Amino acid sequence: MPQNKVLIVDFGSQVTQLIARRVREAGVYSEVLPAWATAEEIKGRDPGAIILSGGPSSVTDENAPALNPVILEMGVPVLGICYGLQLLSHALGGELARSEDREYGPAELEIVGDSPLFEGLPKNSRAWMSHGDKVKKQPACFNVLASTKNLAVAAVSDESKKIYGVQFHPEVHHTEIGEGLIKNFLKIAGLKSDWNMASFVERSMETIRRQVGDGKVICALSGGVDSTVVAVLLSKAIGENLHCIFVDHGLLRQDEVAEVRDKIAAHYKLNLTVIDASDLFLSRLKDVEDPEKKRKIIGHTFIEVFETEAAKLGKVDFLAQGTVYPDVIESISPLGPSAVIKSHHNVGGLPERMNMALVEPLRELFKDEVRAVGAELGLPHDFIWRQPFPGPGLAIRVIGPVDKDKLDVLRKADVIVQEELRSSGLYEKIWQGFAVLLPLKTVGVMGDGRTYENVVALRAVTSVDAMTADWARLPYDFLETISRRIINEVAGVNRVVYDISSKPPSTIEWE
Ligand code: XMP
């Protein structure tokens with residue numbers, strides 16, 4: 001019996017991860033492998049069904065990623081999407097051609113054949129297309145199931161072998177029957193809907209206990225969602241054998257340490273040591289202007305402090321990390337969005353240096369699944385929905401050399417931005433919103449006097465994954481409230497400006 005999961009083979013589509021998401025939303029666990037995975041790797045995953053993603057290539061291009069023949073030999077249902085369909089058609093003896101009428105965007109789909117893949121779905125609907133090639137002559141084994149105006153072959157099946165192909169993208173929201181189609185495919189494969197966060201927590205605790213036994217585990221707590229969920233999950237599984245270390249580098253937001261210590265650690269009875277290393281970090285950062293140098297100093301100092309503390313605990317066997325699934329996929333796929341790799345790591349280099357086995361209970365989860373696990377574990381809503389905060393903290397939001405006075409000014413401005421975002425209900429609508437302190441003084445007038453003070457820049461962006469971002473169109477009145485409050489309440493600031501750059505060509509953070 002194959003396992004109750006779907007394997008998605010990534011041919012470089014921008015939306016491969018969405019396929020994985022949709023399958024999981026339908027209650028079935030899914031994993032992604034790159035197109036170049038070997039037959040052993042594919043068989044080793046032992047999936048109950050396989051989905052072939054779309055991709056930017058043409059099947060007949062010289063270097064186009066190919067279909068591993070093992071996929072058709074495993075006897076499990078296969079669904080090819082777009083490029084995936086073309087690969088199947090090509091492999092089974094069909095003929096492909098460049099479309100004269102390339103279709104990008106919505107198309108009117110009509111179901112013309114009878115198949116369990118379309119069971120219960122409307123005959124006519126809108127579907128999202130994005131393709132340059134099409135199936136000119138389908139293989140003899142295929143029945144045509146659906147068409148559009150420009151495309152005679154928009155969906156096919158070989159019911160006897162349970163092989164399906166669609167030219168449109170069921171994984172994107174704009175395809176009206178997408179969700180239903182994916183559910184039907186899972187039903188055809190006989191897969192059970194058993195993936196939910198409560199069962200994940202149960203299974204994960206068992207796996208952790210099995211891996212760790214009576215060993216000691218340490219965990220670097222950063223106050224972020226991922227590391228906190230890891231810590232709480234581990235503490236539930238192994239209790240006292242988990243030791244959390246929170247390195248306060250003096251670059252945190254106001255009350256950050258207290259919040260983690262009083263709200264999270266106390267509530268969950270975490271074994272937590274907070275190290276106040278702010279003097280050390282600030283002395284090393286003194287007069288350093290270059291952003292990359294600042295990041296490196298913070299990274300190295302973090303590792304040094306963490307190692308010194310860990311050594312005090314005696315023998316520790318495991319290091320727990322909040323690695324999430326997008327990190328894992330990004331590191332193995334050379335294709336598609338996965339080719340652009342983020343280089344930000346809070347504890348970069350730590351595992352290699354510390355010679356400990358890793359415990360990574362969130363390795364298979366997407367970010368919103370991590371949040372759902374957090375909710376399952378009872379973490380407060382506001383905590384789970386925190387916006388991302390960079391490992392180097394406020395050091396990369398004080399432009400140029402960092403010192404305690406500047407950090408204090410920025411912290412006060414930041415509190416106002418966070419308060420206003422939350423009370424206006426905008427906090428969860430944007431990806432990030434924060435203040436940046438510029439190394440720049442300008443003239444102002446307050447009361448009867450002339451001022452010569454700092455400038456604070458306000459940055460707020462919308463994004464889905466931080467790879468690209470747009471500046472948030474915040475209401476003018478809201479911007480005005482923030483500007484007024486910062487200038488009135490934060491000594492040392494007399495001007496607030498709003499950053500209207502997108503990423504690319506700018507980045508989200510200023511350094
Ligand atoms: P950029 O500035 O590159 O930021 O557009 C993209 C996202 O990553 C966050 N960021 C970091 N996160 N360590 C982190 O953990 C870092 O060194 C780091 N630098 C940037 C940033 O806040 C944004 O969400």
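**Second largest pocket**

For the classes used here, Ala, Val, Leu, Ile, Met, Phe, Trp, Tyr, Cys and Pro count as nonpolar, Asp, Glu, Lys and Arg as charged, and the others, Gly among them, as polar. On that basis, the lining of the second largest pocket splits into 12 polar, 7 nonpolar and 3 charged residues. A pocket here is an open set of points on a 1 Å grid over the protein atoms alone, where a 1.4 Å probe fits, with protein on both sides within 12 Å along at least five of seven lines; lining residues have an atom within 4 Å of a point.

There are 22 lining residues, and G55, P56, C82, S130 and H131 sit nearest the centre. Two or more lining residues each come from α4 (83-91), β5 (95-111) and β6 (124-137), with β6 giving the largest share at 5.

**Model and confidence**

This is a predicted model, where local features need pLDDT of at least 70 and side-chain atom pairs pLDDT 80 or more, while totals for chains, interfaces and linings use all residues. Residues are numbered from 1 along each chain as its sequence is written, and side-chain values use heavy atoms, without hydrogens or water.

Average pLDDT (the predictor's confidence in each residue, from 0 to 100) is 92, and 95% of the residues score at least 70. Residues 331-347 fall below 50. Where pLDDT is low, the predicted coordinates should not be read in detail.

**Cysteines**

The model has 0 disulfides (cysteine sulfur pairs within 2.5 Å). The C82 sulfur is 19 Å from its closest cysteine sulfur, in C141, so a bond is out of reach. C82 is buried at 4% relative accessible area (under 20%; exposed is over 50%, partly exposed in between, with a 1.4 Å probe and protein chains only), whereas C141 is partly exposed at 30%.

Notes. Contact means heavy atoms within 4.5 Å. Helices (H or I, at least four residues) and strands (E, at least two) are DSSP runs, numbered from the N terminus.
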